[in-house]
Amino acid sequence: MGRRQEREQAFFLIFESMFSDEERAVEIFNENVEPVSDFAKEVFQGVMDEKDVIDDEISKYLSGWKLSRISKVNHAILLLSFYEIKKLEDVPNSVSINEAVELAKKYSGKDDASFINGVLGSYVRSFE
């Protein structure tokens with residue numbers, strides 16, 4: 001399984017956790033889709049462990065938006081990418097941003113890829 005597919009699994013787990021508890025999200029995915037990769041589990045758990053901190057960071061870069069007003073799909077994508085950028089040194093920021101944009105193109109609305117790109121771009125520029 002490639003990193004892109006593992007990242008997509010992590011996205012699904014984060015998204016599912018918005019509707020059920022953490023442990024249930026992994027169980028549901030394992031039972032109904034495919035076995036969850038170690039990378040996806042690690043990223044998912046990392047996001048869940050730091051969700052409040054990551055949400056605070058995301059909120060700082062939502063120009064004119066409140067976190068509660070963005071779609072759950074976009075929220076899950078941002079949680080995943082902010083975590084990758086902050087914690088996974090082996091994933092270049094540009095790769096994380098590109099993968100987040102691709103997830104938005106695949107699973108979100110037509111203008112959401114630009115929104116995701118803008119938020120993540122602002123975040124990365126803030127510490128370069």
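1. Glutamate 27 and arginine 24 sit 3 residues apart in helix 2, which puts about one helical turn between them. Their side chains meet in a salt bridge, with an N to O distance of 2.7 Å. Glutamate 27 is partly exposed at 36% relative accessibility, and arginine 24 is partly exposed at 35%. The model is a predicted one, and the distances and areas in this note should be read as values computed from that model.

2. Glutamate 50 has a salt bridge to lysine 87, where the closest N and O atoms are 3.3 Å apart. Because glutamate 50 belongs to the loop between helix 3 and helix 4 while lysine 87 belongs to helix 5, this pair ties together parts of the chain 37 residues apart in sequence. Lysine 87 is partly exposed, with a relative accessibility of 39%.

3. The side chain of glutamate 50 also meets that of lysine 86 in a salt bridge, at 3.9 Å from N to O. The 3.9 Å distance should be read against the cut-off for a salt bridge, which is 4 Å. Glutamate 50 has a relative accessible area of 21% and is partly exposed; the cut-off for buried is under 20%. Lysine 86 is partly exposed as well, at 37%.

4. How many salt bridges does the model have by this rule? The count comes to 12.

5. A patch of negative charge on the surface is formed by Asp21, Glu22, Glu23 and Asp49. Aspartate 21 is in the loop between helix 1 (3–17) and helix 2 (22–32). Its relative accessible area is 48%, so aspartate 21 counts as partly exposed.

6. In soluble globular proteins, nonpolar side chains tend to be buried together.

Methods. Residues are numbered from 1 along each chain as its sequence is written. This is a predicted model: local features need pLDDT of at least 70, side-chain atom pairs count only at pLDDT 80 or more; totals for chains, interfaces and linings use all residues. Side-chain values use heavy atoms; hydrogens and water are left out. Patches are made of residues with over 30% relative accessible area and no salt bridge: like charges are joined within 9 Å, nonpolar side chains (Val, Leu, Ile, Met, Phe, Trp, Tyr) within 5 Å. Accessible areas come from the Shrake-Rupley method with a 1.4 Å probe; for residues, only the protein chains shown count as cover. Lys and Arg count as positive and Asp and Glu as negative; His and the chain ends are not counted. The place of a charge is taken as NZ of Lys, CZ of Arg, CG of Asp or CD of Glu. Helices (H or I, at least four residues) and strands (E, at least two) are DSSP runs, numbered from the N terminus. Buried means under 20% relative accessible area, exposed over 50%, partly exposed in between (1.4 Å probe, protein chains only).
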